[in-house]
Amino acid sequence: MKAHTLSILVENRAGVLSRVTGLFSRRGFNIESLAVGTCEEEGMSRVTIVCIGDDAQIEQVMKQLNKLVEVIKVSDITENYHVERELALIKVAADPGSSRAEVMQIADIFRANVIDVSSKTITLEVTGPTQKIDALSNLLAQYGVKELIRTGKIAILRGTKTVISTK
Amino acid sequence: MKTGAKILIEGLLKQGTKTLFGYPGGVVLPIYDELFDSGLPHILVRHEQAAAHAADGYARASGNVGVCLATSGPGACNLVTGIATAYMDSIPLVAITGQVPTSLLGNDAFQESDITGITLPITKHNFLVKDVKDLPKVITEAFFLAKTGRPGPVLIDLPKDVCTAESDVETDIGSEPVLRGYKPTYKGHTRQIERAVSTIISSERPVIYAGGGVIASNASAELISLAEKLMIPVTTTLMALGAIPGDHPLNLGMLGMHGTEYANYAITECDCLIAIGARFDDRVTGKVDAFAPHASVIHIDIDPAEIGKNKKVDIPIVGDVKTVLTQILDRLNSEKKYENWNARIRQWKEKHPLIYDNDGKLHPQFVIQTLNSLLSADDIIVSEVGQNQMWTAQYYCFKKPRTWVTSGGLGTMGYGFPASVGAQVAFPGRRVFDIAGDGSIQMNIQELGTVSQYNIPVKIAILNNRFLGMVRQWQELFYNRRYSYTELPPVDFVKVANAYGIEGIRVDDPSCVKQAIKDSIAHEGPFVLDFRIEREENVFPMVPAGAAINEMIGGRPK
């Protein structure tokens, strides 16, 4: 059992996302993370899903996804050389004078941006692989994380290779 | 300019629809108004579920897409069991549902239900049409999806205002739509075909395990050619009965939970399993690890997701069964006849035939055998679900594909009677029998009204044991004979039939079975046969749930 990153090209139409996610729940697969948006092809969207399973399970879920009429292509890019990123917004408790400087120092180390400040909080924006965001949020936990929002992972192949429609 | 309703009816006619099965209601009024003088025949059922099953029965018997129509909300929801039945057995069906006007969508309007949401997991695809301009394209795509690749049900949800809106959109858009996410593979991969051929030739004990895909692909002739060319024995699933004649020397009958002993032994002993359009269902395999444990497995299926889903496969071949079998036949040059293996199977067949008591009582198996002796190869047998279905599968000798109509995957009680209506509508000249139990028939008994109204001459043979027999059998065998809510009070089915203006006869004695069936055949309209069978007759042999398929119980003379 390990985490697989699936890059799924779909028709950009109403209801497609529920077809995709419905299939995961119906067949007993958990979605660890999900990111959706339009892409380079007009009328298509790209869905990036991280799910955990053994090879046979992942093969089955990919085959089932491929059966959806509005799914154009499914690729498991886990084993390919790829770059992955996630974006998180983290609102941390930071009363003036107390830990505020420490929080900003930690943010600096992680190359996180301060995007909002209030009298009692600092809000950070950070991008990176999932583990980096986990590490930052764990570090910030001691100061009090008021709110944490993650986009879900997106991933792209390195080099000239692409995950595009070939059907 | 044409209304959406007119575009729909014209589209259905253009797609070759011969009959609609449906039930009117508020939001489909525009469609029914258009239908009124369209020339497209419509059968008014008594419950929308029956419309779906009738369309399904029509599709199974004829091989063409069945079409049903229902109104929004409760009408659409009543189709659900029928759609799920078709989905599980890969039957081409187009279901058309009315929907509340687009302006009210999502408002919990009167008779609104999210039927595209509800049927998402039980359709091959579905459409909610919000613009009348999309309708010609949607109809073309719906029929194309229903009948190509792995067939299945497709639903079109039509809001009322889309049916009344007018459009001058081009309706003649051909029959092969371009769907960039849908490209079924029909031809088998050459290298895999070659591997399959060499595996078959080098094997000593091959068995063909044929499933519903053989029927769907109309590949019965190719299946028989393959079997006869090398003398390979063939066992069929419930769905594939008739793919090879029941009395063919190479036929082993059905395998699995209520399969023949010799089919299950052959599977257990074989060294090469050729699975053709079958999906290794749990009712077939029993304990999967013990299913064909010594075999190299060749799996031919049009749906890649079926390959390796339940059983590890050595040689996967994705493709249309008919095409792939032709490819294999073209390459198969061997004089092998597997004499030793066939001799062994003959011994099993002689030693372990299907058997039931011959004690002068009225046994259901005898009813089926008598029926078999009185009908011809083209006549159509439909069944409900449960013991009636299994006895028919075991004791009726199907000679041709598409003469057997039954709900396999979903196991839908109440399927048979409405499905027999669809089969009879597809083939008015053939005799159609619905083999029912007293439980199943009461799930859609209101369709007596339909067959009476249109004088659809289906014969309903009720194997009446005043039990929900299959559940009772499990209670007898595995729940210490505690018959919890499985006993049904007696019903006078002849009187029920009479109330609908239908004739019927009750049969209590084996000596009257033959004449009663003959009378029903001679009768021109629908007819009810109420056979009062042995109450606690069991279906044997039987593989207990979770056991290996060679670990059967029953089936031996007392």
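These legends walk through several close-up views of a predicted model.

**View 1. Chain B as a whole.**
Chain B contains 22 helices and 20 strands. Its radius of gyration is 24 Å, close to the 24 Å that the globule rule gives for 558 residues, so chain B is as compact as a globular protein of that length. Along the principal axes, the C-alpha atoms of chain B fill a box of roughly 70 × 60 × 40 Å. The average pLDDT of chain B is 97, and 99% of the residues score at least 70. For the complex, the predictor gives an ipTM of 0.90 and a pTM of 0.96.

**View 2. A parallel sheet from S3 to S6 in chain B.**
Six strands of chain B make an open sheet here, and you can trace them in the order S3-S2-S4-S5-S7-S6. The pairing is parallel. On average, and ignoring direction, neighbouring strands are turned by 20° against each other.

Look at S6(B) beside strand S7 (residues 153-159) of chain B: the two pair in the parallel sense over four bridges. To find a bridge yourself, pick out Phe127(B), whose bridge partner in S7(B) is Ile156(B). Helix H4 (residues 74-88) of chain B packs on the sheet. This helix touches strand S4 (66-70), strand S5 (93-99) and S7 of chain B. The direction of H4 makes about 165° with that of S5(B).

**View 3. A parallel sheet from S11 to S14 in chain B.**
Here is an open sheet of six strands, in the order S11-S10-S9-S12-S13-S14 of chain B, with parallel pairing. Its edge strands are strand S11 (251-254) and strand S14 (315-318) of chain B, and each of them pairs on one side only.

**View 4. Strands S13 and S14 of chain B, with helix H8.**
Strand S13 (residues 296-301) of chain B pairs with S14(B) in the parallel sense over four bridges. A pair to look for is Ile298(B), which stands opposite Ile315(B) in S14(B). Helix H8 (residues 190-202) of chain B lies across strand S9 (206-210), strand S12 (272-276), S13 and S14 of chain B. H8 runs at about 135° to S14(B).

**View 5. Where domains 2 and 3 of chain B touch.**
The domain assignment divides chain B into domain 1 (2-167), domain 2 (190-351) and domain 3 (364-532). The C-alpha centres of domain 2 and domain 3 of chain B lie 30 Å apart. Each of these two domains of chain B brings 14 residues to the contact. On the side of domain 2 of chain B that touches domain 3 of chain B, seven residues are nonpolar, five polar and two charged.

Methods. Residues are numbered from 1 along each chain as its sequence is written. Chains are lettered from A and ligands numbered from 1 in the order in which they are written. This is a predicted model: local features need pLDDT of at least 70, side-chain atom pairs count only at pLDDT 80 or more; totals for chains, interfaces and linings use all residues. pLDDT is the predictor's confidence in each residue, from 0 to 100. Domain bounds come from an automatic or database domain assignment. Two residues are in contact if their C-beta atoms, placed from the backbone, lie within 7 Å. Ala, Val, Leu, Ile, Met, Phe, Trp, Tyr, Cys and Pro count as nonpolar, Asp, Glu, Lys and Arg as charged, and the others, Gly among them, as polar. Two strands pair if DSSP finds at least two bridges between them. Axes are lines fitted to C-alpha atoms, for helices over the stretch in contact, and angles run from 0 to 180 degrees between N-to-C directions. The radius of gyration is taken over C-alpha atoms; the globule rule is 2.2 Å times the number of residues to the power 0.38.
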